[in-house]
Structure formats: C-alpha cells, structure tokens
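Student: I have not seen this structure before. Please take me through it with questions and answers.

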Amino acid sequence: MRSSSNTIRTNRAVTTLATLLAGALALTACSSNDDKDGTESHSTTATGSGLSLPKLDGTSLEVAAVWTGQEQKNFKQVLAEFEKRTGAKVTFVPAQDPIINFLGSKIAGGQPPDVALLPQPGAIKQAVQKKWAKPLGAEAQAELAKNYSQGWQDIGKVDGKQYGVYYKAANKSLIWYNAKAFENAGAKEPKTWPELLTAAQAVYDSGVTPFSVGGADGWTLTDWFENVYLSQAGPEKYDQLAQHKIKWTDPSVKAALTTLAQVWGKKNYVAGGADGALQTEFPASVTQTFTGGDQPKAAMVYEGDFAQVNIGETKAKVGTDAKVFPFPAVGSTAPVVSGGDAAVILKDSKGAQALATFLASPEAATIQAKLGGYLSPNKNVPVSAYPNTVQQTIAKALIASGDDFRFDMSDQAPQAFGGTPGKGEWKDLQDFLKNPKDVAGTQAKLEKDAAAAYGSGS
Amino acid sequence: MTSAAAAGVPPAPAAPKRRKSVTGTRRTVAALFLLPALVLLGALVVYPIGYSIIRSFYNASGDGFAGVDNYKALFTDDGIRTALKNNIIWVVFAPTVSTALGLIFAVLTERVSWGTAFKLVVFMPMAISMLAAGIIFRLVYDQDPDKGVANAVWVGVHDTFAQSSAFPKAHPGRESPLVARDGGFITKAPVHTGEVVALPLVGVAPDQMPDGAQKAAAAKPDPAGITGTTWQDFTRGKGVGRLGAPDPTELGYSGMKIEAVLDGKVVATTKAASDGTFTLPAKADGALLRLPAGNFKEPYNGVEWLGPSLVTPAIIGSYVWMWAGFAMVLIAAGLAGIPRELLEAARVDGANEWQVFRRVTVPLLAPVLAVVAVTLMINVLKVFDLVFIIAPGSSQDDANVLALELYRKGFAEDQPGIASAIAVFLLLLVIPVMAFNIRRLRREVRR
C-alpha cells in the first residue's frame with residue numbers, strides 16, 4: 001500500500017532541524033515536491049467520492065502536531081496526498097506537549113501554524129477563548145456532517161460553533177494480551193471484571209505475572225481509572241466528575257479506586273511490583289508483554305489502540321501473538337473511553353479551510369488507516385482499509401458505539417490536573433499504585449489538586 | 001538566565017564617564033563605540049531580567065497585579081519546596097565531590113607516565129552534551145538488571161553471596177491444603193504416620209523449574225513414616241487439571257525444602273526428590289508440614305536507583321561523572337604552577353607524602369580549588385537537563401530542582417507569574433556566588 005503512494009509522488013527530502021525544548025532532536029521531515037503534470041492526471045483518478053478541493057498552487061501551509069516517529073511519517077503521507085491534489089505546499093511542524101502552550105508561544109511570536117491538531121477538547125476550548133481558533137467554513141462543515149456521527153461533531157464544537165475536525169481517534173478501552181501466555185494458562189478473554197480477575201489468577205497460577213502497567217507515565221494510570229469509573233459509576237457521574245461538579249471524595253470514586261486496587265494492590269499481579277511499574281514507561285510496558293517467548297514479563301497490558309505501534313517493535317504479530325479484548329464491564333456495561341486529535345484552524349485562509357475539509361474526508365483517513373496504528377472516527381472509512389483484523393475490530397467497536405463513548409477525562413481536565421508529569425492526577429494515581437491501600441488519602445489528595453486546578457480557571 | 005546575568009555585570013565599570021581618557025577619546029565617540037554592545041546587552045540581558053522581575057508580580061494571565069503572591073507561593077508550594085531542598089543538596093554535594101575527585105585525579109596522574117592518557121579518559125565525558133549524558137545514565141540506572149549496568153553489577157555482587165531461590169512466585173492454588181505464614185506455606189491440618197501428603201502449589205512456569213525436575217509422581221504410603229509429593233499443580237494450557245493430585249505432565253518441585261513443625265519446633269526436615277516426592281521419619285507424626293520462606297525468596301532485583309529516595313544522589317552521580325574531568329584539568333593546570341622546590345623542601349624536612357599533600361599542595365592550590373568549586377556551584381544552581389531526562393515521570397517530583405520547576409510552572413502549568421518568581425529567586429541565589437567570583441578576579445588583576 002505504501003509503495004503505490006510512493007510511485008505517485010516524487011520525493012524530495014527536506015531536512016528541517018526541529019529544536020525541541022527537551023533537547024535538540026534532528027527530525028528528518030520529508031515533504032513531497034509537487035510535480036504538476038503528474039498531479040493533474042492522478043488527482044482526477046483518485047478523486048472518486050466527489051471531494052472537491054480548490055487549486056492552491058503557490059500556497060504554503062503549516063500543520064502542527066505532537067506526533068513523532070512512525071505516526072508522524074504516516075501523517076506526512078496524508079499531507080503529501082493533499083499537496084498532490086491541490087498543489088499547495090504543506091510543512092509539518094513538530095510540536096511538543098502540552099501543545100496549547102507551544103501554540104501560545106507561536107502565536108505570541110506572530111507566526112501560528114495554519115492548522116494545529118489539538119489532542120484535548122479542553123485545549124480547543126482554550127484556543128477559542130483566547131481567540132486563536134477560527135471556525136470551520138461551509139465546505140468543511142458539510143464534509144464533517146457527511147462523515148461523522150453527531151457525538152464526534154459535538155466535541156469539536158464550542159458554544160455551538162464548529163471548530164474542530166476530529167481527524168484521529170483513539171479507543172482507550174482495550175486490553176492487549178499475550179496469546180501464548182493466555183493459552184498456556186488456559187485463560188479465556190474476560191467480558192466482566194470478575195472474569196478478568198479469574199483470568200489474571202489463572203495466568204498467575206501458570207507462572208506469569210498478569211499485568212504490565214506503564215506507571216512512569218501517569219496518563220496510563222488515569223486511563224485505567226477512567227475505564228473502571230465510567231463502567232462502574234456510569235456516564236452521568238463520569239461527566240460530572242470530568243467537570244468537577246462532584247468531588248473526588250465522592251463514594252463513587254472510592255468504589256472505583258477500591259476496584260482498581262484489586263489489580264494494582266495484589267501482590268505479584270503487576271510486573272516488577274509497584275516500584276518496578278513506576279519506572280516503566282508506556283512503550284516498555286507494552287514491549288515487555290510481548291517479548292520473552294513463553295515467559296513474558298506480563299500477560300496483559302491495558303492501553304488504547306495505539307499500543308500496536310509499540311507491539312510493532314517486537315516480533316509479536318498483532319492478531320496472532322498479540323490479541324486484544326475490550327475493557328471488561330465493571331458495572332452494567334463495558335466502558336468506551338476514547339481520545340482523539342482534532343484539526344483546528346488557527347489562520348483562516350482558503351488553504352487552511354481546504355486542508356480541514358480534506359482531513360474530514362474519508363479519503364485522507366483511508367490513507368493513514370492503511371498504514372496502520374491509526375483509527376478514524378470517520379464512519380465512511382471502509383473497515384477493510386485497516387490492515388488487520390484486530391484493527392478492524394477496534395474500528396468497528398468505535399463506530400458502533402455511536403454517541404455512547406466518553407472522552408478521556410484527564411484530557412478534559414485543566415492541564416495542571418490532568419496532563420502534567422509528576423503533578424495532579426498523574427502523580428496522585430502513581431502514589432496510589434505505590435500504596436493501593438490508601439484509598440481515602442488518595443481521594444483527599446486528588447480533591448485537593450483538582451480544587452486548585454479547576455479553581456484557577458485555566 | 002543566571003549565566004546571562006553573570007555576563008550582565010562587567011559593563012558597569014567598563015563605561016568611562018568621568019573625564020577624557022588617556023588617549024583623549026571624547027565621550028560621544030566612546031559612547032558611539034559602546035553602543036552596539038550596550039544595545040545587545042540591553043536587549044538580551046537587561047530587558048529579560050527586568051521583564052522577568054515585573055512579570056513575577058503579575059498573576060497567571062498577566063493582566064492582574066498579584067503583589068507578592070507569587071513569592072509567597074515559592075515558600076508554600078510543596079513542589080517548589082522539594083525543589084529548593086534538592087537544590088541545596090545539589091549545591092553542597094555536586095561541586096565538592098567533583099572538586100575533590102578532580103583534585104585526587106590531578107595529584108595522582110601527575111606522578112604516572114601515562115597520566116595524560118588517564119586525564120584524557122576522565123575528561124572525555126565533558127565532550128558529551130548534558131542531554132546525551134542524561135540518556136546514557138537513564139539506561140545505566142535502569143531497574144532491570146538486564147538493562148541497567150548499575151543494577152547488573154549490584155545484583156551480580158549480591159548473588160555471589162546470596163543465592164536466590166527456585167520458586168519465587170509459587171503460591172497455593174484453589175482449595176489448597178496450605179496457608180501462607182511467615183513468607184512460607186504451612187499445612188492447615190497435622191499429618192500422621194502412614195499418610196500420603198499432597199503439597200500442591202501453583203505459579204511456577206515450566207521454564208523456571210530447576211534443571212532436573214521430573215514429572216511429579218504420587219508417593220507410596222510408608223507405614224514407618226510420612227510420605228508425600230510437592231509439585232506444580234498446573235498443567236500448561238489446561239489449568240489446574242485434577243485439583244490436589246499430580247496430572248501426567250505436571251512437574252515435581254525438585255529440591256523444595258520441607259520442615260515438620262511440632263509445637264513451634266522443627267522436628268524433621270527433608271528435601272523433595274526430582275519428582276517432588278519426599279519422606280519424613282515417624283517422629284514427625286502429628287506435626288504441621290511447612291515449606292519455609294527460603295524456598296520462595298524473590299530474586300534480588302537490585303537497588304531502586306531512580307526511586308524517590310535515591311534519585312537525587314543518582315543524578316548527582318551522573319553530574320560528577322561529567323564534571324570531575326573538568327575540575328581535574330583545571331586543578332592539574334594549577335598544580336603545574338606550584339614551585340617544585342617547596343614540595344622538595346618539605347620532603348627533605350621529613351614530611352611524608354600525605355603531609356606534603358595536606359600541608360603544602362592543598363594550601364597552594366586553594367585559589368584554584370575555590371575557582372573550580374564556585375564555577376561548578378553556579379553551574380549546579382541551574383541544573384535542569386540531567387534531572388529532566390534521568391528522573392522518570394513518577395519520581396520527577398522527588399528529583400525536582402528549581403530550574404525544572406521553573407520550566408514546569410512556566411510551560412506545563414501555564415503559571416508564568418510563579419515561573420518568573422522562581423527565575424528571580426534563582427538570580428538572587430547566584431548573585432552572591434557571582435560577586436565572590438568577581439571580587440576574586442579583581443584581586444587577581446591587582447596583584
């Protein structure tokens with residue numbers, strides 16, 4: 001699939017040196033040279049679904065996103081297709097987390113990128129409040145209405161106006177498991193929380209640690225919590241807690257933490273113990289689950305669909321060696337927690353609008369879907385575009401959940417609470433992983449940090 | 001910011017404002033020539049400092065005057081207080097250890113013929129950027145002994161003295177006759193002569209079994225003693241199988257220690273054979289059988305270098321690795337300037353080498369040592385990259401230093417007011433050290 005797109009475009013490697021605050025990383029950015037006579041003939045053949053994009057020869061656009069590595073490379077192929085169709089030149093600007101602050105400095109400097117991909121609904125709201133974001137034009141909105149369910153359209157709205165195009169989605173209600181370890185243990189894919197505990201016990205009895213937790217990154221822990229909470233306390237409470245309308249000292253939080261402690265707190269259930277898990281970063285937590293043959297460091301790892309990018313680094317094959325089951329139902333229904341990146345226009349222009357329209361189209365999403373490691377909330381992306389059955393299942397589950405999904409809670413919270421390493425919810429849940437007996441103390445700390453963060457109104 | 005401030009002070013004495021200079025240059029001409037430098041310094045040093053100070057009195061969004069609230073936060077916020085505490089640890093230990101090591105290296109290498117080669121090696125880390133050194137040490141301190149060198153060495157040394165056991169994760173399965181006690185497992189009911197006892201456990205994978213473990217066999221009853229089997233009651237791929245009885249492919253716990261405990265006293269001990277069977281003499285009649293904790297000792301996992309308590313010393317270690325070479329080279333240069341006669345004279349007078357070092361070399365080197373230590377101190381006050389990279393997210397809070405907190409407040413938490421206050425505070429901390437350095441420099445010039 002990649003070879004076909006490579007033959008269409010002629011490549012020119014443009015190296016840009018992106019100096020990240022964390023240090024100087026040399027990223028090789030690859031943008032395609034628009035070969036005009038080649039473009040014309042191909043764009044007419046490729047445009048099948050009636051997506052019409054204006055001719056934008058001579059325009060240059062900048063797109064900022066936090067994606068790195070393979071993800072960035074794949075996205076650039078999508079941008080290349082846009083260049084091919086319109087003749088515009090698109091540059092990818094690597095940003096760093098938190099992107100809203102990155103954009104803040106860009107905007108203060110008077111040079112915002114034309115389009116930015118914002119990972120949190122809270123960030124879109126901030127961008128609108130600060131008057132950075134520009135509303136979508138008619139074409140983009142039409143494209144969006146055609147391809148997206150109401151729920152996905154709504155989370156891109158602020159005060160009734162459409163600002164964001166959710167280009168990329170994440171299904172964060174999945175548990176990946178080492179098929180071999182499950183087979184050795186005679187364990188079955190669980191559908192409910194008690195079944196999960198039974199499967200874990202079977203795995204443990206067979207001599208493999210059941211869970212791998214990437215506790216060095218706090219967000220994996222907040223995602224664990226959100227799944228348990230959404231399923232156990234229900235969507236209404238979930239929304240209230242996300243907006244801090246109920247306190248973290250609420251009994252429902254206590255119940256969720258207690259449930260969580262059944263996994264986190266059980267001796268030998270977490271690979272490396274709590275201390276080891278707290279020093280395991282997310283990528284390592286995935287790879288250690290799928291390396292080591294019969295004797296992996298752990299049998300299951302919880303995280304979203306994007307974990308398969310890390311599985312790709314091991315010898316395990318997604319679908320045969322690495323399998324996946326939806327996060328089991330703790331309460332009455334299984335949770336669907338999702339995340340996503342929305343394209344938001346920061347500099348209104350014909351080109352930026354066209355790019356937003358393109359990103360809302362199934363054509364753009366299909367290109368990246370074929371490359372793997374990507375999930376689109378676009379319901380018109382054919383399921384067959386995903387490279388393997390596992391991804392097809394995940395995509396189907398996401399589309400099927402319709403408007404019942406809930407967006408990642410920590411992504412909705414203020415940055416200081418839900419998105420800063422070593423602070424707020426991340427830190428509090430890390431402390432909880434270390435000491436799972438202290439439910440009340442954890443709640444008190446969460447409430448204290450939440451009150452400070454929500455109170456400051458940032 | 002802090003180093004920029006260091007550069008900001010010299011121009012003050014340099015501007016001649018009183019009268020015509022010796023060469024007869026007019027003041028306007030002098031000012032003209034100074035202008036480019038002044039503009040640059042003003043725009044790049046004075047203005048940022050000034051603006052930081054002003055910004056530190058405003059709130060997060062920058063439109064409301066906050067008074068000294070941001071400074072109050074400096075001393076009430078837990079994060080900043082840990083940062084402050086860690087900064088003090090850094091300033092006290094990092095420069096002194098680096099300087100001491102540098103001094104030792106310099107004095108010792110002076111006397112060996114391959115000293116230059118040694119110095120080259122010690123100085124080498126200086127050629128590496130802080131970022132790269134951070135990444136290297138993140139790996140060195142990795143908890144997993146298979147990845148982290150520090151723990152590989154530590155575990156290697158530890159394991160030569162203390163063997164780990166064969167069944168670290170074994171535990172009773174469902175409906176087990178065993179209960180956990182004191183880290184081991186003990187039967188619920190006493191055993192009697194002529195009885196066949198089953199001591200099943202689960203949780204040991206076939207690959208982890210000791211070499212030579214064979215398929216578990218049911219023990220034959222012996223009227224003169226107690227017999228039994230201890231084995232892994234778990235068939236791969238099938239689960240427990242027949243509960244409490246060995247299935248065809250289940251392995252015996254070869255080498256498992258078994259104690260018979262009667263009224264709290266061990267009356268007999270034995271070891272399981274390779275098929276898991278064991279026999280105990282008749283005197284164990286009525287005793288409880290215990291699998292002592294020694295069987296289940298967890299493999300030693302090394303030191304938690306990057307855990308909350310050791311993370312700061314560990315990062316200081318990586319800093320010393322980088323900067324001891326720098327200290328050594330400067331001190332070696334100073335050492336070369338010491339008059340040999342003084343050392344010779346001391347030796348002739350009968351001083352031993354330690355006395356020469358302590359009473360002659362070190363006092364003569366004192367000015368150099370002071371320069372090195374002070375330079376490192378300034379360097380350490382603004383340490384950021386090593387901490388940012390080496391400390392994993394979970395212990396970043398424990399490893400926090402002021403510069404990192406500044407970054408986090410300013411760029412991750414959107415609190416530029418507090419971040420500016422930290423910057424100003426750091427500047428205040430650097431000023432006395434700087435003043436000391438400048439005064440020393442002036443004295444040097446006058447001499």
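Tutor: Two residues are in contact if their C-beta atoms, placed from the backbone, lie within 7 Å. This is a predicted model, in which local features need pLDDT of at least 70, side-chain atom pairs count only at pLDDT 80 or more, and totals for chains, interfaces and linings use all residues. Residues are numbered from 1 along each chain as its sequence is written, while chains are lettered from A and ligands numbered from 1 in the order in which they are written.

Student: Which residues does A:Val165 touch, not counting residues up to four places away in sequence?

Tutor: Residues up to four places away in sequence are left out. What remains is A:Leu136, A:Ala140, A:Leu144, A:Gly156, A:Ala342, A:Ala343, A:Ala356, A:Leu359 and A:Ala360.

Student: How many residues has the largest nonpolar core?

Tutor: A nonpolar core is a set of buried Ala, Val, Leu, Ile, Met, Phe, Trp, Tyr and Cys residues joined through C-beta atoms within 7 Å. A residue is buried if 20 or more other C-beta atoms lie within 10 Å of its own, exposed if 12 or fewer, and partly exposed in between, with C-beta atoms placed from the backbone. A:Val165 and A:Val203 are among those with the most contacts inside the largest core, and its size is 140 residues.

Student: Which helix gives the largest share of this core?

Tutor: Helices (H or I, at least four residues) and strands (E, at least two) are DSSP runs, numbered from the N terminus. The largest share is 11 residues, and it comes from residues 218-242 of chain A, helix α10.

Student: What distance separates the centres of domain 1 of chain A and domain 2 of chain A?

Tutor: The centres are taken over C-alpha atoms. The separation is 29 Å.

Student: Is A:Asn268 buried or partly exposed?

Tutor: A:Asn268 lies in the loop between α11 (251-264) and α12 of chain A. Its phi is near 65°, a positive value in a residue other than glycine. With 14 other C-beta atoms within 10 Å, A:Asn268 is partly exposed.

Student: Is B:Asp263 buried or exposed?

Tutor: B:Asp263 lies in the loop between β5 (257-262) and β6 (265-271) of chain B, and its phi is near 50°. Having 8 other C-beta atoms within 10 Å, B:Asp263 is exposed.

Methods. Domain bounds come from an automatic or database domain assignment.
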